[in-house]
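Grab a pencil and work through these exercises one at a time. Try each task yourself before you read the solution.

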Amino acid sequence: MTNHHPIIVSSIAFFFWFVISMADFDNLQDACPTSTTEQQQTVFFNGLPCKNPTTIIASDFKTSKLNHGGDTENFLRSATTVVTAADFPGLNTLGLSISRTDLDVNGLVMPHSHPRASEMMFVWRGSVRAGFIDTEKKVFQKLLTEGDVFVFPRGLLHFCLNAGYEPAVAFSVLNSQNPGVVSITDAMFEFDSDAVKALMGRLISTTPGMNTMQNVTSHGFDHHL
């Protein structure tokens, strides 16, 4: 009779090695601000290298990059500023990014997704209608006022628009230091195209009572491609 025990033990050992090797590692020091020293890169990291611990200062953990609003003088009347560990050294290895969204009156952030992060949005000023679309084409959206928080699950298409009569501002935290962004409109259409205008109208006219939305990437837009 063949002895299968060595094969089974080896398989189990490989499985545990694979799981451990694929997991994120905890910090081995108190903090790891990004090293921004200009030098030729010969080793590539899945992330960013750390500063020498002896050179870490309090300024590494503060940013003022979200103090001022973005330029909303554009077709969508909106601006989003994202700050990652590449711009804010203290975020490195913490699995976080932050962003600010400015929405002028009638401003809109078109549907997009973050493949590596969920997003938690906090409305600081104004009124914002925010929502996301799940894989069953269901729309989950709410009207947010100052102080409200809304969560966009990782990888799902989401959007927001100004629902009031004055500029709105929202701040977000994303649980990845490099969340990434995938935008349907950027990939498929020109900003001022008829397809984008139709999609904007479709989003703006979506009422709170709706619980489904037809596939916005295909329905009604084929003739614009």
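**Exercise 1.** Decide whether Cys50 is buried, partly exposed or exposed, and do likewise for Cys32.

Solution. Keep in mind that this is a predicted model.
- Step 1: you need the cut-offs, where buried means under 20% relative accessible area and exposed means over 50%, with partly exposed in between.
- Step 2: Cys50 has a relative accessible area of 36%, so Cys50 is partly exposed.
- Step 3: Cys32 comes out at 4%, so Cys32 is buried.

**Exercise 2.** Work out how Cys32 and Cys50 are joined, and where they sit in the chain.

Solution. 
- Step 1: look at the sulfurs of Cys32 and Cys50, which are 1.5 Å from each other. The cut-off for a disulfide is 2.5 Å, so the two cysteines count as joined by one.
- Step 2: in general, a disulfide is a covalent bond between the sulfur atoms of two cysteines.
- Step 3: the structure holds one disulfide. This link between Cys32 and Cys50 ties together distant parts of the chain, 18 residues apart. Both Cys32 and Cys50 lie in the loop between helix H1 (5–22) and strand E1 (78–83).
- Step 4: The angle about the S-S bond is -75°, and the link is left-handed.

**Exercise 3.** Find which residues touch the most other members of the largest nonpolar core, and which strand gives the most to it.

Solution. 
- Step 1: the core has 14 residues, and those touching the most other members are Leu103, Val128, Ala130, Phe150, Phe152 and Cys160.
- Step 2: strands E4 (119–125), E5 (128–133), E7 (149–152) and E9 (168–174) each give two or more residues to this core. E5 gives the most, with three residues.
- Step 3: With a relative accessible area of 4%, Cys160 is buried.
- Step 4: Leaving aside neighbours within four places in sequence, its contacts include Met120, Ala130, Phe140 and Leu144.

As a general rule, nonpolar side chains in soluble globular proteins tend to be buried together.

**Exercise 4.** Say which residues make the nonpolar surface patch of about 680 Å², and whether Val149 is buried or exposed, or something in between.

Solution. 
- Step 1: the patch is made by Leu94, Leu96, Met120, Phe122, Trp124, Val149, Val151 and Val173.
- Step 2: E4 and E7 each supply at least two of its residues, and E4 has the largest share, with three.
- Step 3: Val149 belongs to strand E7. Its relative accessibility is 44%, so Val149 counts as partly exposed.

Conventions. Residues are numbered from 1 along each chain as its sequence is written. This is a predicted model: local features need pLDDT of at least 70, side-chain atom pairs count only at pLDDT 80 or more; totals for chains, interfaces and linings use all residues. Side-chain values use heavy atoms; hydrogens and water are left out. Helices (H or I, at least four residues) and strands (E, at least two) are DSSP runs, numbered from the N terminus. Buried means under 20% relative accessible area, exposed over 50%, partly exposed in between (1.4 Å probe, protein chains only). A nonpolar core is a set of buried Ala, Val, Leu, Ile, Met, Phe, Trp, Tyr and Cys residues joined through side-chain atoms within 4.5 Å. Contact means heavy atoms within 4.5 Å. Patches are made of residues with over 30% relative accessible area and no salt bridge: like charges are joined within 9 Å, nonpolar side chains (Val, Leu, Ile, Met, Phe, Trp, Tyr) within 5 Å. Accessible areas come from the Shrake-Rupley method with a 1.4 Å probe; for residues, only the protein chains shown count as cover. A salt bridge is a side-chain nitrogen of Lys or Arg within 4 Å of a carboxyl oxygen of Asp or Glu.
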